[in-house]
Amino acid sequence: MQKLIAEGRVYQPKPGAVPREKRYLDEMPGVPLQDVWTDINPVAAQAAERLGYPTQKPEALLERIIKTSSNEGDIVLDPFCGCGTAIAVAQRLNRRWIGIDITHLAVNLIRNRLRDHFGEGVQGTYEIIGEPVSVTDAAELAKQDPFQFQSWALGLVGARVTTQTKKGADRGIDGRLYFHDDKSGRTKQIILSVKAGEHVNVAHVRDLRGVLDREKAEIGVLISMEPPSKPMLKEAAEAGSYKSPHIEERFPRIQILTIEQLLGGHQIAYPRLLDVTYKRAPLVREKEPMPMTLPLQDADEPDEPF
């Protein structure tokens, strides 16, 4: 008692009252974390980490789970990785990771998220297993699941998928790219049409020109398994070109790209001053990258993103 008094740890409200000991929260063990967590809020609509995925979980939640159940260098497995919150947090916390998802749409979201979080260099630190790597692979995917082929092909050019379900009219638009190239800040767009089957012909180019005019888009791109015919190339050339206000180069208003060209590194020609197709995840400092794997294996269909 005398020691506590000397330390100023004894409080007496009034003379004759029972003395009380002063205790501080940072000196107390506290209550162990329970199985209902109410101190982590959902991802707000305007939050920097919000990517538009309807079931997206807060990074703070995954950080708590990963920190309490693993150490640096351990492997984190997310078998239904969706938009990749667990993967991004595991990378930031210096864990190795394996993510699994059945849709190419989810894989594209995760690829973009990792790039935005950790920079372009992160792409060389992981491997994607299950994506087509040849025209033969692509043809097989198109045969098995045209919708997944469409998502994969759009991912090759960084486009956002427009049609979110296998049913329903897409009005001739399978994907979109958005960009800014002038001081007005007006968002401009590229319309994409993906043809998984054979017998692509000049009518598909005419249809794309019509969609381009209807949507008042700057550029239209037809992605095809087959090389374009001469009438298709002629129709595309007749659509004219797009001139950016700040770049001397002109860009074909209708462009036709084959899967073989895309696999070989060809990309859409457009002014790449500012690509705003996807909301960018905030950049974070990354510890030394570790080998990672992102396999595509059979799993239940995840909730579809916006």
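The model is predicted, so local features are described only where pLDDT is at least 70 and side-chain atom pairs count only at pLDDT 80 or more, while totals for chains, interfaces and linings use all residues. Residues are numbered from 1 along each chain as its sequence is written, and side-chain values use heavy atoms, with hydrogens and water left out.

Let's start on the inside. In soluble globular proteins, nonpolar side chains tend to be buried together. Here, the largest nonpolar core has 27 residues. A nonpolar core is a set of buried Ala, Val, Leu, Ile, Met, Phe, Trp, Tyr and Cys residues joined through side-chain atoms within 4.5 Å. Buried means under 20% relative accessible area, exposed means over 50%, and partly exposed lies in between, using a 1.4 Å probe and protein chains only. The residues with the most contacts inside this core are Phe149, Ile190, Leu192, Val221, Ile223, Ile259 and Ile268. Which elements give two or more residues to the core? They are helices H5 (135–144), H6 (146–156) and H9, together with strands E7, E8 (188–195) and E9 (219–224). H6 gives the most, with 4 residues. The element names come from DSSP runs numbered from the N terminus: helices are H or I runs of at least four residues, and strands are E runs of at least two.

Next, look for rings that face one another. The whole structure holds 4 aromatic pairs. Rings of Phe, Tyr and Trp (its six-membered ring) pair if their centres lie within 6.5 Å; planes under 30 degrees apart count as stacked, over 60 as edge-to-face and the rest as tilted. Tryptophan 97 and tyrosine 126 make a tilted pair, with 6.1 Å from centre to centre and 45 degrees between the planes. This pair links distant parts of the chain, 29 residues apart: tryptophan 97 is in strand E4 (residues 96–99) and tyrosine 126 in strand E5 (residues 126–129). Both tryptophan 97 and tyrosine 126 are buried.

Phenylalanine 179 and tyrosine 270 also form a tilted pair, because their ring centres are 5.5 Å apart and their planes meet at 50 degrees. Phenylalanine 179 sits in strand E7 (residues 175–180), whereas tyrosine 270 is in the loop between helix H9 (259–263) and strand E13 (274–275), 91 residues apart. Phenylalanine 179 and tyrosine 270 are both buried. Ring pairs also bring in Tyr242, linking Phe179, Tyr242 and Tyr270 into a cluster. Strand E7 holds histidine 180 as well, which is buried with a relative accessible area of 18%.

Now for the charges. Side chains of opposite charge can pair when their charged atoms come close. How many salt bridges does the structure hold? There are 17, each one a side-chain nitrogen of Lys or Arg within 4 Å of a carboxyl oxygen of Asp or Glu. Arginine 113 and glutamate 59 form one, their closest N and O atoms being 3.1 Å apart. Arginine 113 lies in helix H4 (residues 104–118) and glutamate 59 in helix H2, 54 residues apart. Both arginine 113 and glutamate 59 are buried.

Glutamate 63 forms a salt bridge with arginine 92, with the closest N and O atoms 3.2 Å apart. Glutamate 63 is in helix H2 and arginine 92 in helix H3 (residues 85–92), so this pair ties together parts that are 29 residues apart in sequence. Glutamate 63 counts as partly exposed because its relative accessibility is 21%. Salt bridges that share partners join Glu59, Glu63, Lys67, Arg92 and Arg113 into one network. As for H3, this helix is mostly covered, with 7 of its 8 residues buried.

Isoleucine 65 is in helix H2 (residues 59–69) and counts as partly exposed, at 36% relative accessibility. Together with Leu33 and Trp37, Ile65 forms a nonpolar patch with about 270 Å² of accessible area. For patches, residues need over 30% relative accessible area and no salt bridge; like charges are joined within 9 Å, and nonpolar side chains (Val, Leu, Ile, Met, Phe, Trp, Tyr) within 5 Å. Accessible areas come from the Shrake-Rupley method with a 1.4 Å probe, and for residues only the protein chains shown count as cover.
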